[in-house]
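Colleague: I want to learn how to read a model like this one. Can we take it feature by feature?

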Amino acid sequence: MSVDVGLVWDAVGDIAGGRGLLETARTAGLDTFLVFDHLINVFPRQAWDTDFSYLAAALPTPDRCLDFATVLGNFAPQAGPVRLAIGVTDPNRRHPAVLAQTALTLAQLTERAPVLGIGAGAEENLRPYGVPHDRKVSRVEEALQILRMFFDGEGPHDFRGEFFTLDQALMGLPAPEGRTPRIWLGGNRDRMLRLAGRYADGWLPSELMTPEEYARRLGVVRAAAVAAGRDPDGIVAAGGVPIVVAETDAAAHALLRAKPLRFLALHAGAESWRAHGFAHPFGEDYRGLVELLPHRLTRAEVDRAMAAVPDELVAEQVVVGSRETVLKRIGELLDAGMRHPMLIPASAMASPEAAGFTIESVGWLAERLRSASTPEGGVA
């Protein structure tokens with residue numbers, strides 16, 4: 001079993017912070033460095049103060065979201081052997097031809113083929129800007145077909161779809177040898193999983209799930225690949241893994257009281273809340289982060305919602321514990337088929353001290369995940 005490890009940055013605030021995390025990834029020998037693509041942050045600006053997070057002292061608003069393409073182009077000379085990734089953008093705001101050009105341009109600047117992560121789009125990046133947000137999965141399917149066309153050759157390409165049309169369209173920018181961008185599909189539901197198997201080079205779910213559920217969904221991806229005549233083992237089985245790590249299990253669980261980490265429970269959908277016997281404060285039909293519009297929440301609404309968060313649901317949104325416990329939990333996901341955990345340093349939001357320990361732990365975890373994998377698929 002071969003395991004690669006990546007590190008995730010939210011691309012918010014001071015770009016120097018991102019450079020520091022990229023250097024961490026390179027020093028630790030990580031495979032991939034991924035940046036988010038947001039116009040609005042997933043935390044509400046109305047509640048963003050030093051009582052909510054210590055980060056507010058240096059970052060007056062959480063909505064200082066940086067453009068992924070500019071950031072990754074700037075980071076490319078520093079990346080070296082670390083693969084750069086977008087995780088994930090969408091074809092609602094950016095035409096697939098523009099996404100292809102961006103990824104192919106980045107491939108000119110990097111040592112390794114970059115990853116173009118694409119998904120259906122979260123509503124906070126669409127609705128406030130008047131961008132179409134209906135039939136998002138169908139739009140993604142057409143975009144994947146077009147991206148494959150552009151990555152496979154110059155054209156001219158013709159395409160007649162419901163959302164996109166190509167009329168002898170060209171993509172004259174070739175990828176350097178061996179650096180054709182990889183497409184990773186960010187999807188959590190069965191229809192998106194089937195698209196990953198049919199078109200993508202990797203699957204990058206945003207939801208943290210049980211090993212059993214990860215294995216089930218990966219099975220859907222692989223079955224779709226087989227049905228499309230593709231090698232199912234050629235699709236990278238990745239996944240975002242938010243970690244809350246401290247010296248001991250008890251200390252890690254104490255970090256879950258930090259408000260940014262408690263707010264993560266509000267990113268879960270109403271179905272997850274019902275499974276614990278609770279009603280989601282955002283409504284019984286709330287589907288979670290994909291439809292959250294954090295900038296529209298009032299401070300009073302945030303306070304009421306935070307007061308309703310059950311402790312057990314906070315712990316479900318992250319992998320929490322000592323380094324050894326976190327390693328074991330990620331190992332269970334590896335047993336389920338994951339081969340590329342993308343570490344999200346969530347506990348860095350709790351305090352400056354927690355941030356330092358979390359970043360140190362990334363290297364510790366990466367070394368053991370890469371080198372301690374057993375032939376049977378577990379972590380020794």
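**Reading the fold**

Modeller: Start with a crossover: strand β3, helix α3 (residues 96-109) and strand β4 form a right-handed β-α-β unit. Keep in mind that this is a predicted model.

Colleague: Which elements make the other right-handed β-α-β unit with β3?

Modeller: β2, helix α2 (residues 68-79) and β3.

Colleague: How do I read the strand pairing? How many bridges join β2 to β3, and do they run parallel or antiparallel?

Modeller: Look for bridges, then for direction. Strand β2 (residues 32-35) is joined to β3 by four bridges, and the two run parallel.

Colleague: Is β3 buried or exposed?

Modeller: Count its residues by accessibility. Buried means under 20% relative accessible area. Six of the seven residues of β3 (residues 83-89) are buried, so the strand is largely enclosed by the rest of the structure.

Colleague: And where do I find an antiparallel pair?

Modeller: At strand β5 (residues 157-160) and strand β6 (residues 165-169), which pair over three bridges. R160 has T165 of β6 as its bridge partner. A hairpin of four residues connects β5 to β6.

Colleague: What does the record say about domains, and which residues does it list?

Modeller: UniProt lists residues 20-340 as "domain: Luciferase-like", in an unreviewed entry. Within residues 20-340, the chain is 39% helix and 15% strand. The end C-alpha atoms of that stretch are 22 Å apart.

**Reading the interior**

Colleague: How do I read a nonpolar core? Which residues have the most contacts inside the largest one?

Modeller: Look for buried nonpolar side chains that join up. The largest core here has 78 residues, and F33, L185 and Y214 have the most contacts inside it. Helix α4 gives the most to this core: eight residues. Another core lies apart from it, with 36 residues, including A268, A270, A346 and A354.

Colleague: What does F33 touch?

Modeller: Skip its neighbours within four places in sequence. Then F33 contacts residues including L7, W9, L21, L22 and F75. It also contacts V82, R83, L84 and A85.

Colleague: Now a charged residue. Is R139 buried or exposed?

Modeller: Use the cut-off again. R139 counts as buried because its relative accessibility is 10%. R139 sits in helix α4 (residues 136-152). Beyond four places in sequence, R139 touches P91, N92, P132, D134, F163 and F164.

Colleague: How does D303 compare with the cut-offs?

Modeller: D303 is at 41% relative accessibility, so it counts as partly exposed. Its place is helix α10 (residues 299-307). D303 and A47 are 256 residues apart along the chain, yet their C-alpha atoms are separated by 8.2 Å.

Colleague: How many aromatic pairs does the structure hold?

Modeller: Nine. F43 and W48 form a tilted pair, 6.4 Å centre to centre with 35° between the planes. F43 and F52 form an edge-to-face pair, at 6.1 Å and 65°. F43 and W48 are buried, and F52 is buried too. One aromatic cluster takes in F43, W48, F52 and F263.

**Reading the backbone**

Colleague: What should I look for in the backbone angles?

Modeller: Most residues other than glycine have a negative phi, and most peptide bonds are trans. Look for departures from that.

Colleague: Where are cis peptide bonds?

Modeller: One joins G87 and V88, with omega about -15°. V88 is in strand β3. A cis bond also joins G155 and P156, with omega about 10°. P156 lies in the loop between α4 and β5.

Definitions and conventions:
Residues numbered from 1 in each chain as written. Predicted model: local features only at pLDDT ≥ 70, side-chain atom pairs only at ≥ 80, totals over all residues. Heavy atoms only, no water. Buried < 20%, exposed > 50% of the residue type's maximum accessible area, 1.4 Å probe, protein only. Contact = heavy atoms within 4.5 Å. Pairing = 2+ DSSP bridges. Right-handed = clockwise from strand over helix to strand, strands pointing away. UniProt positions renumbered as here; feature names shortened; annotations may be inferred. Core = buried A, V, L, I, M, F, W, Y, C linked by side-chain atoms within 4.5 Å. Phe/Tyr/Trp six-rings, centres within 6.5 Å; stacked < 30°, edge-to-face > 60°.
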